[in-house]
Amino acid sequence: MNLESFRKIKVDETQEFKTFAKEIDYLIEFFQRFSELIFYNGRLISFFTDKKTFFLNTYLIESSAQTLRSIKQCCSIGSFSDANTLIRKLRDDLIQYVYILSIINSRKPFIEEDLKNLKVDNPEEFSSSFSNIRINNILTDDEKAVSAWFSNQVSDLERPIKKKLEFQNYMNTLKMNKNTSQILQEYNLQEYWEVLRKRLNDYVHNNGIKFAAQNSVRENNINLKVHLKNINIRTSYISSFFIIILLMVDSALISSTDYMDHLNCDLKPPEGSQYFVANFIQEFIDKKVNGLHPELKQYLKDNNINGMKIK
């Protein structure tokens, strides 16, 4: 008797999961490559306080790739409640990265009056006036929160400042940025974002027996394909939303390696090559971002903050 024929297949052996895995693997590879791109291009993103200088690395982006792997693993054993809980972590980590980047970019590290008195016409006067520039030691509450995050001292913050490192404040901060606010409003990106927020909270807090039941979905469940499709839609939307907002805060991060490749080979970079977009980023925009709204790509092409040459 062939006992193998009686063996039940597992969730990760179903055709539905194999189709899903291709999409989730695409996102995993995308964030891995994006992290490597930022590192290779040598972009230093620094945050100055009166006492310390911090550098924003790509840990949050690398963490997102790992979180996607964990989501895939949860789905492979039918734990869809856990998968959706991890999706909220994915959302928070990616938006936190853009939030921190936004706070860094808006930070005025030097006393404005000293900068006004900087003399640039004469080398000697420039050297003297430059040495007198003072560090701005006044931090906003958001800057205090970011400083504590870099220093691993968030637990020591007073509650009002600690709340700056919550998702709601991330979004409020991004809405106050005229560039991000405009794209959120014009393309109604907030509507599904709010629906998603409520849905993910249902999984995190187990707001009903059906959410608990979704942590033990079997391979023969009639809704298996729906569960996998929902995970795919949510992770894809969050990843696309991240890129859209990032392009309105610091689009230079998507620069291709052409400029650095030429410099590393002691060659003159092609004119305007610092504005070339990495091929895999362009592919993501075409495949994922463009699917959210037919006019989004053109808007990003015309309005991304650093004038990157999106095709």
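Helices are DSSP runs of H or I with at least four residues, numbered from the N terminus. Gln-96 lies in one of them, helix H3. The model is predicted, so local features need pLDDT of at least 70 and side-chain atom pairs count only at pLDDT 80 or more, while totals for chains, interfaces and linings use all residues. Residues are numbered from 1 along each chain as its sequence is written, and side-chain values use heavy atoms, with hydrogens and water left out.

Start at Gln-96. Its relative accessible area is 9%, so Gln-96 is buried (under 20% relative accessible area, with a 1.4 Å probe and protein chains only). Beyond its neighbours within four places in sequence, Gln-96 is in contact (heavy atoms within 4.5 Å) with Leu-60, Trp-149, Leu-165 and Tyr-170.

Now follow the helix pair. H3 (residues 80–106) packs against H8 (residues 167–176) at about 45 degrees, with the axes 9 Å apart. Axes are lines fitted to C-alpha atoms over the stretch in contact, and angles run from 0 to 180 degrees between N-to-C directions. H3 contributes residues including Arg-91, Gln-96 and Tyr-99 to the contact; H8 contributes residues including Phe-167 and Tyr-170.

Phe-242 touches Phe-31, Phe-34, Ile-61, Leu-94, Tyr-97 and Val-98, leaving out residues up to four places away in sequence.

Note on methods
Helices (H or I, at least four residues) and strands (E, at least two) are DSSP runs, numbered from the N terminus. Buried means under 20% relative accessible area, exposed over 50%, partly exposed in between (1.4 Å probe, protein chains only).
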